[in-house]
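Let's walk through this model together, one piece at a time. Have the sequence and the 3D view side by side as you read.

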Amino acid sequence: MHNKTIGQVFKELNSSEKGISEKEIEARLKQYGLNEIKEGKKISPWEIFLNQFKSIVIWILIIATIISAFLKEYIDAIVILVIIILISVLGFFLEYRAERAIEALKKLASLKATVLRDGQKKEIDSKELVPGDIIVLETGDKIPADARLFEVFNLQTQEAALTGESQPVKKNTDVLPEKIPIADMKNMVFSGTIVVSGRAKAIVVATGMQTEIGKIATMIEEVKPEPTPLQKKMDELGKWIGKVVIVIAAIIFVVATLFQEKSLLDNLIVAVAVAVAAIPEALLAIVTMALALGTQRMLKRNALVRRLPSVETLGSTTVICADKTGTLTVNEMTVKKLFANGKIIDVSGAGYETKGNFLYKNKPVEIGEIELLLRIGALNNNAELKDKDVIGDPTEGCLIVSAAKSGLARADLEIEYPRVDEIEFTSERKMMTTIHKHHGEKLAYVKGAPEVVLKLCNYIYINGKAKKLTEDMRKEILETNKEFANDALRVLGFAYKTIVADKEPEKNLIFVIKVIMITGDHEITARAVAKEIGLEGKVINGQQLDEIQNLDEMVEYVAIFARVNPEHKIKIVDALKKKGHVVAMTGDGVNDAPALKKADIGIAMGITGTDVSKEASAMILTDDNFASIVNAVEEGRGVYDNIRKYIGFLLSGNISEVLIIFLGIIFGLPLPLTATQILLINLVTDGLPALALSVDPFEPNAMSRKPRRQNEPIFKGLNPFLIYYPIVMTITSLLIFSWFYFNKGNLLQAQTATFLTISMFELYQAFASRSTIYPAFKVGIFKNKFLILAVLSSFTVIVTSIFVPSIGRFLDMSPLSIAEFVFIILISSIGAIIIEISKYIKSRNEVIEAVN
């Protein structure tokens, strides 16, 4: 409707300036529906709980539980079942958040609307609005529907949450071209936005799901979250474990049938038991716990994670798509510099915080030098500052804040300088004047575009006196104004006058100062802000984006996207994903919500962000600081590194156990381990250290490494743990088992010696697992106090089970001599030594390559 005359709009909607008749309301409500945002199907708590069982690893554990119970290994079955319950319950409570983005959108809707029906003004529930209704808008109103303006009096609306436009938008009734961005539709007002000044009448053209906010709600519903990189890798790991378990069971059954003189049923039971032993039962529980701990650490660093697997996603992020308004820049104006007395004075502080200093060449400025300027800014003002929040125009809000930094409270000033008249701002005049009484005099305070205000000035206020404004002074002021404007800084000029006989408040003014504020919009501003933060590259606007057919072919070469709408943002995220990137998207507005949900990880602003953006996101920055993302990336990489540590640690032990039993059967040996001993190894000597590794300090230099590729296997670089170590452990364990079995003829003692060998191999490896990249001495062998406690606890259980007969009998143990015990403890260190040598050689080679 923005590209049609108001007459065409009235005709198309069968309405007029008097509005529609009450008789037509019911028919139009049936045709268009209520003016409200409709919610899709909500996720029930039961569905959230069932979602915890979608992991392949969980199903492998469930099958293992059933098999263990069938084989009458009830302790194994109970332990695995407890692990499954813990994982599912923890996951449920951490993810018990229904998708509330649409619900948050509904909160944006206005509850009441003032309309004209049959020529009569009346207030109605906004949900009863229909296309064709005439709405009456005034300062402070929340706009109840999308509408075409036909009568405007200095109307400005705040549309930042919807369009990303940081400044109030001046509205008019002009007919506009058809293909223009929403942010440039100056003859339209949109549902959920706010009238910050002026008044208007408009005809409703869209309600409910047909409004721009409604379209965003539809996009949010249509975007289905994809599995995170970690979820994908864990599923791949689950499939791999499942295949390995089946192959192991089949091979052991065949080999046992060929080499063992037992029944087929007995061989099948052995094969299945060994296969179950190969499953790292604690793995998923420890991964879940590590992610949960990661959320706590991130919260301390101002990043609130809403979805558990997202903890790790940031660590693999290759691209961050940052919405400028509210992210790189905040939708708050801040006075940064004052130009007074020929000096450029810096103003410290950010946002609407009333603490800050005035500095010239890093030295404090006397407040008396700038008091007049700050007073004019505070009094020539219609905004309000309440609890660090501005009601009204952000430009005016920052002027109140700057005055407060000097100790000038607006409330006190209004008592001393009461306003008696006002000449309001208009887009034609480009300035505003307020008249104040003070000690029997009338003072005119003026603010506006510097070039406009300057034309009305004959004098300039310098060092407490009004001096004649020369032509050279004018040129200097205008040149400085141009220089700041080119740097994307908004500039205002201020002047004053004592009104005497001439009674004309806007002539023969005294120029006071210029106030420079950081803001932005359009391509020019986007480029300037990007330059300021060190971001360089090609700029593309929304209209150009619409014309590009294969965005994925060029998206990596574009650094700045300007004037984009929600559909464009989804298109950009999609294109980056097609190029194999893990995409993080930051934003704070309603218009960011669909892309936040579409990205691999959506990051919303906690302070300035809308409820809609927060509910659509996976993570919220509680301090609105873009730099906090760096902390979150570091945490994400650290969590992933730790997951790799205990994957290497747990799987290497399970691989070794299976190899020992498998080769033992091939060589015609009795089982080197009993089922109870295998369970004890998995829970005590593997489980406790693995839990401690989940809280291990992060790998050094995490942020100096490149982001890992999306298709990079989780096993990459773990050869020392998953190949070399299991081979050494298997050979050593079988040799020790054979020596005890053939030389001493005691099977239980041979199994006990094998249990001790495997257990000590694992405890030594726990310290080697403190890093999968660097030698343990570089990261500090004893830095993890929890690991030391876990290893000591495990060692105590081992010693007790071997040397306390009453406990040993229950755990299938036979006492060993002290000499045998010490020998096995010493020889078992060889596995960790092999890992450390491998890591040292690899890290040394990488250093040499880097130098060359």
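Axes here are lines fitted to C-alpha atoms, for helices over the stretch in contact, and angles run from 0 to 180 degrees between N-to-C directions. Helices (H or I, at least four residues) and strands (E, at least two) are DSSP runs, numbered from the N terminus. This is a predicted model, in which local features need pLDDT of at least 70 and side-chain atom pairs count only at pLDDT 80 or more, while totals for chains, interfaces and linings use all residues. Residues are numbered from 1 along each chain as its sequence is written, and side-chain values use heavy atoms, with hydrogens and water left out.

The pLDDT (the predictor's confidence in each residue, from 0 to 100) has a mean of 82 over the protein, and 89% of the residues reach 70 or more.

Now for the helix pairs. Two packed helices are described by the angle between their axes and the distance between the axes. Helix α24 (residues 675-693) packs with helix α28 (residues 785-803) at an angle of about 165 degrees, the axes being 7 Å apart. α24 and α28 are therefore roughly antiparallel (angles under 35 degrees count as roughly parallel, over 145 as roughly antiparallel, 65 to 115 as roughly perpendicular and the rest as oblique). The contact residues include L680, V684 and L688 of α24, and F786, L787 and A790 of α28. By class, this contact has 11 nonpolar, 3 polar and no charged residues (Ala, Val, Leu, Ile, Met, Phe, Trp, Tyr, Cys and Pro count as nonpolar, Asp, Glu, Lys and Arg as charged, and the others, Gly among them, as polar).

How does α25 pack with α30, and at what angle? Helix α25 (residues 719-744) and α30 make an angle of about 160 degrees, with their axes 11 Å apart, so α25 and α30 are roughly antiparallel to each other. Here T732, I736, F740 and K744 of α25 meet E820, I824 and I827 of α30. The residues of this contact divide into 4 nonpolar, 1 polar and 2 charged.

Let's turn to the strands, where two of them pair if DSSP finds at least two bridges between them. An open sheet of 5 strands runs in the order β8-β27-β26-β25-β9, with mixed pairing. Its edge strands, β8 (303-305) and β9 (319-322), each pair on one side only. From one strand to the next, the twist averages 20 degrees. Within the sheet, β26 (residues 601-605) and β27 (residues 619-621) run parallel, joined by 3 bridges, and A604 stands opposite I620 in β27. Helix α23 (residues 628-666) packs on the sheet and touches β8, β9, β25 (583-587), β26 and β27; the direction of α23 makes about 140 degrees with that of β27.

Two hairpins complete the tour. Strands β1 (residues 112-117) and β2 (residues 120-125) pair in the antiparallel sense over 6 bridges, with K112 opposite D125 in β2. In the turn of this hairpin, which has 2 residues between the strands, D118 has a positive phi of about 55 degrees. Strands β19 (residues 457-462) and β20 (residues 465-468) pair in the antiparallel sense over 4 bridges, and Y461 has A466 of β20 as its bridge partner. The hairpin of β19 and β20 has 2 residues between the strands, and N463 takes a positive phi near 50 degrees.

Note on methods. Contact means heavy atoms within 4.5 Å.
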